[in-house]
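Thanks for coming, everyone. Please take a moment to look at the sequence and the structure on the screen, and then I will talk you through how some of the parts pack together.

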Protein chains: 2
Amino acid sequence: MTHGQAQLIAEAERRLGPKAIITDQQDIEPWVTDWRGRVHGAASAMLAPASTEEVAEIVRLAAELRVPLVPQGGNTGMVAGATPPGDGSALLLSMRRMNRIRSVSAEDRRAVAEAGVVLETLHEAADDVGMRFPLTLGARGSCTIGGLTSTNAGGTQVLKFGTMRSLVAGVEAILPDGSIHDGLSGLKKDNRGYSLDQLLIGAEGTLGVITAVALRLVPAIGARTVAWVGLESPTRALELLRFLEARTDGIEGFELVPQDSLRLVLKHVPNTRPPLSGEHDWQVLVEATTPDADHDVAGELERLLGAALQQGIIEDAVLAANEAQAEAFWKIRDTISEAERAEGQTLAHDISVAVADMPAFLVSASGKVERAFPGVVASGFGHLGDGNIHFHVRAGAHAAPDWYEREGEAITRFVDDLVTAAGGSISAEHGIGQLKRAELARLAPPGRIHALRAIKQALDPLGIMNPGKLVP
Amino acid sequence: MTHGQAQLIAEAERRLGPKAIITDQQDIEPWVTDWRGRVHGAASAMLAPASTEEVAEIVRLAAELRVPLVPQGGNTGMVAGATPPGDGSALLLSMRRMNRIRSVSAEDRRAVAEAGVVLETLHEAADDVGMRFPLTLGARGSCTIGGLTSTNAGGTQVLKFGTMRSLVAGVEAILPDGSIHDGLSGLKKDNRGYSLDQLLIGAEGTLGVITAVALRLVPAIGARTVAWVGLESPTRALELLRFLEARTDGIEGFELVPQDSLRLVLKHVPNTRPPLSGEHDWQVLVEATTPDADHDVAGELERLLGAALQQGIIEDAVLAANEAQAEAFWKIRDTISEAERAEGQTLAHDISVAVADMPAFLVSASGKVERAFPGVVASGFGHLGDGNIHFHVRAGAHAAPDWYEREGEAITRFVDDLVTAAGGSISAEHGIGQLKRAELARLAPPGRIHALRAIKQALDPLGIMNPGKLVP
């Protein structure tokens with residue numbers, strides 16, 4: 001522990017009380033390693049403030065004593081963006097005690113949640129007033145509003161409602177100089193200069209600590225229906241999406257699943273069965289919803305899929321007969337990663353290209369990877385309607401205990417080069433954190449890297465906010 | 001003309017040709033004064049590049065030679081944000097030759113327009129492919145996409161579609177170091193660090209020059225209906241909005257008009273008549289639209305207004321019988337400022353508070369202003385559903401040639417203090433430019449001013465981008 005850290009801990013304990021300081025290494029242990037166990041950090045203490053003013057106190061002390069802080073929510077990130085450096089040079093700043101929902105209003109279609117509120121808790125609070133917070137993802141039981149905002153999280157409902165950036169109405173944060181940025185005023189129009197709210201969304205805690213967020217709510221789901229569709233190719237899948245979107249605004253989930261992924265799920269995940277009787281090279285899970293309980297959304301989707309079948313866009317389709325079957329369809333989609341891991345080693349790439357370009361990219365990139373590294377298996381699944389595919393490369397014939405070390409970097413660079421050449425993003429929704437920083441440095445235009453560094457240096461000249469993350 | 005300016009002009013002429021350089025003062029004259037004639041600037045030349053690469057060339061030269069540039073679109077701003085300094089220290093950078101619509105696609109619901117494209121031209125281009133760009137405002141025949149983006153413009157359709165920030169899918173810009181920021185890739189998901197797109201929206205050209213913008217299109221209007229409603233108070237008006245919004249998602253215009261404003265329009269604007277037979281203290285113009293031509297949006301609105309009448313929310317209402325009458329209703333709304341000017345001197349304030357707070361604020365602020373400056377007349381009209389009111393103070397009994405000079409600043413400070421105390425914004429949609437800079441400096445929290453300055457200094461260390469604007 002550095003002298004500055006010791007001073008900060010003593011002073012924070014004096015001002016905020018013992019509850020706000022955790023120094024027992026057993027209690028800290030679960031939070032200094034990312035949840036996938038790939039990056040191990042160290043921190044001599046975890047600070048756990050319970051209010052905006054307490055966070056501001058800690059940041060002011062950190063600035064004064066030059067002690068870096070690593071803000072953390074649910075520790076569910078994919079790129080080790082909330083994992084402290086391994087040398088113990090930073091303290092963890094856990095936001096989990098800031099877990100109040102300050103307000104939730106159906107009339108204003110708005111909730112204000114503190115950074116440490118768990119996503120599922122917000123879902124329930126919105127539900128209680130007959131509304132809905134539409135963003136959701138696998139980690140909803142542990143990820144937090146602060147982390148979701150700091151990473152501009154996406155998930156499965158982005159098609160209709162956008163990422164966090166579209167759902168955040170305002171941000172409260174402590175800037176690196178300890179000042180409070182209050183963007184929670186609820187103004188729908190405000191043109192008083194650069195949007196600090198927008199700058200903090202997706203900044204991964206490198207420009208300040210988000211303490212609370214105002215969020216847009218949408219009307220609760222009145223009815224929903226889920227269909228499983230078999231078709232020939234990703235091109236046909238996009239054609240289906242366009243066909244549906246031109247005829248209804250109810251489509252909110254559209255997930256592409258290759259036959260290979262379905263096969264692995266059926267093989268490795270208990271209690272799964274194929275939704276369709278025949279085999280199809282590609283499939284799509286379609287979810288349609290409506291806020292109007294009287295609207296026959298299932299009938300509408302059935303009719304539209306029938307028309308798509310007649311026009312030769314799709315090969316087959318089935319609607320979930322009930323809620324249990326709908327859940328069963330989603331389970332197939334949600335367990336693909338798990339099934340792939342059960343099958344063997346897998347390298348995951350969270351990439352995006354323009355929506356219209358994704359079908360061709362997916363087919364061509366899979367082929368190129370498999371030719372460049374003969375024996376591996378490449379495929380993509382996920383959010384076709386967002387142009388965002390989880391592009392996975394399985395070890396296949398290359399499987400070996402040291403496969404990741406031996407080939408991982410080369411394969412990832414190969415994939416990232418293909419994505420960059422296609423004008424795409426090497427991080428569609430997971431962010432940069434620690435794990436993608438070298439690739440960002442390698443592939444981003446120099447002007448962009450310069451701008452990111454200049455903004456970081458301008459707002460955090462002492463480098464105390466989440467050091468070693470995002471900015472190359 | 002400074003030596004640097006002369007060098008820049010000579011070099012730009014050599015590289016870009018004579019068409020890109022205007023030095024005839026007669027040609028420059030219309031562009032160095034803001035359109036309302038309140039701020040007079042000077043510039044020895046106006047540069048008019050025709051491509052992104054040409055803008056980049058100019059910015060690189062400007063950086064090298066330390067010559068400040070003032071980017072300008074249609075020169076329709078309300079805060080002199082595109083007017084050069086009076087000392088001739090900057091050159092004008094006109095974007096009007098960059099006026100290509102690079103693409104417009106109904107399938108992608110997207111258009112890419114260069115900065116100099118006039119809003120009305122974009123409206124027509126979207127219309128041609130059966131789509132719609134929903135943002136609109138009075139200056140649509142001359143304002144440009146670059147200016148609208150740089151000022152995060154609003155207008156009358158914000159209620160349903162948001163400001164430019166909601167409609168911009170990506171920005172291409174030249175940063176102050178001459179590098180090209182290309183945000184036009186069309187990625188729906190991209191988490192590679194701070195959003196430069198979002199930073200440039202609303203930055204008023206102080207962080208770079210926007211050269212092109214990708215814009216979201218929405219389905220064309222299938223049917224629309226306009227109603228004029230009489231009611232008792234702004235509180236009732238908001239109640240009506242909530243009532244309607246809970247029952248339909250078709251409401252896209254909701255403009256509040258006080259009786260006093262209606263009276264002035266009827267008095268000063270030819271060919272106007274009162275939409276309702278009786279008098280009402282307040283009125284609202286409601287516009288409802290639907291993309292579905294088969295949907296009876298007029299019948300729906302009529303039924304809902306009937307229910308609101310029965311519940312005592314409103315006093316009377318009439319639907320426009322045809323398109324001509326709909327235009328006549330809008331004409332009343334759109335000529336309020338003109339009618340007020342015809343009546344006498346007026347001070348305009350473009351303010352916002354939280355939507356739910358606006359009715360009470362409007363009534364209380366009007367009373368306070370009239371008590372503090374006995375004889376003046378204060379009232380507000382406009383975008384109630386956005387919490388954004390154009391709060392006007394008429395000279396009334398104070399009318400005198402020197403009224404603006406004598407009382408203008410004191411009244412504006414008084415209004416801005418009331419807005420700030422209510423947690424509102426002193427610039428809801430017009431921006432800061434030159435005219436509101438002193439008030440921003442006076443009223444913004446020190447932490448925010450520090451952050452704005454730090455960002456400006458970081459990205460434009462030489463101070464060549466639109467000097468003297470926005471940043472206090």
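This is a predicted model: local features need pLDDT of at least 70, side-chain atom pairs count only at pLDDT 80 or more; totals for chains, interfaces and linings use all residues.

**Helix packing and the chain contact**

Residues are numbered from 1 along each chain as its sequence is written, chains are lettered from A and ligands numbered from 1 in the order in which they are written, and side-chain values use heavy atoms, with hydrogens and water left out.

Helix 9 of chain A covers residues 234-245 and helix 11 of chain A covers residues 297-310, and they pack at an angle of about 130° with their axes 11 Å apart. Helices here are DSSP runs of H or I, at least four residues long, numbered from the N terminus, and the axes are lines fitted to C-alpha atoms over the stretch in contact, with angles running from 0 to 180 degrees between N-to-C directions. That angle makes helix 9 of chain A oblique to helix 11 of chain A, since angles under 35 degrees count as roughly parallel, over 145 as roughly antiparallel, 65 to 115 as roughly perpendicular and the rest as oblique.

Which residues of helix 9 of chain A meet helix 11 of chain A? They are Leu240(A), Phe243(A) and Leu244(A), and their partners include Leu301(A) and Leu304(A), where a contact means heavy atoms within 4.5 Å.

Now compare helix 14 (residues 358-372) and helix 15 (residues 403-421) of chain A, which pack at about 150° with their axes 11 Å apart, and are therefore roughly antiparallel to each other. Helix 14 of chain A also passes helix 15 of chain A in a right-handed crossing.

In chain B, the axes of helix 10 (residues 259-268) and helix 13 (residues 336-343) come within 8 Å and cross at roughly 75°, so these two helices of chain B are roughly perpendicular to each other.

Finally, between the chains, 66 residues of chain B are in contact with 66 residues of chain A. The count of salt bridges between chain B and chain A is eight, each being a side-chain nitrogen of Lys or Arg within 4 Å of a carboxyl oxygen of Asp or Glu. Asp386(B) and Lys188(A) meet through their side chains in a salt bridge, at 3.9 Å from N to O.

Definitions and conventions
A crossing is left-handed if the near helix is turned anticlockwise from the far one by less than a right angle, and right-handed if clockwise.
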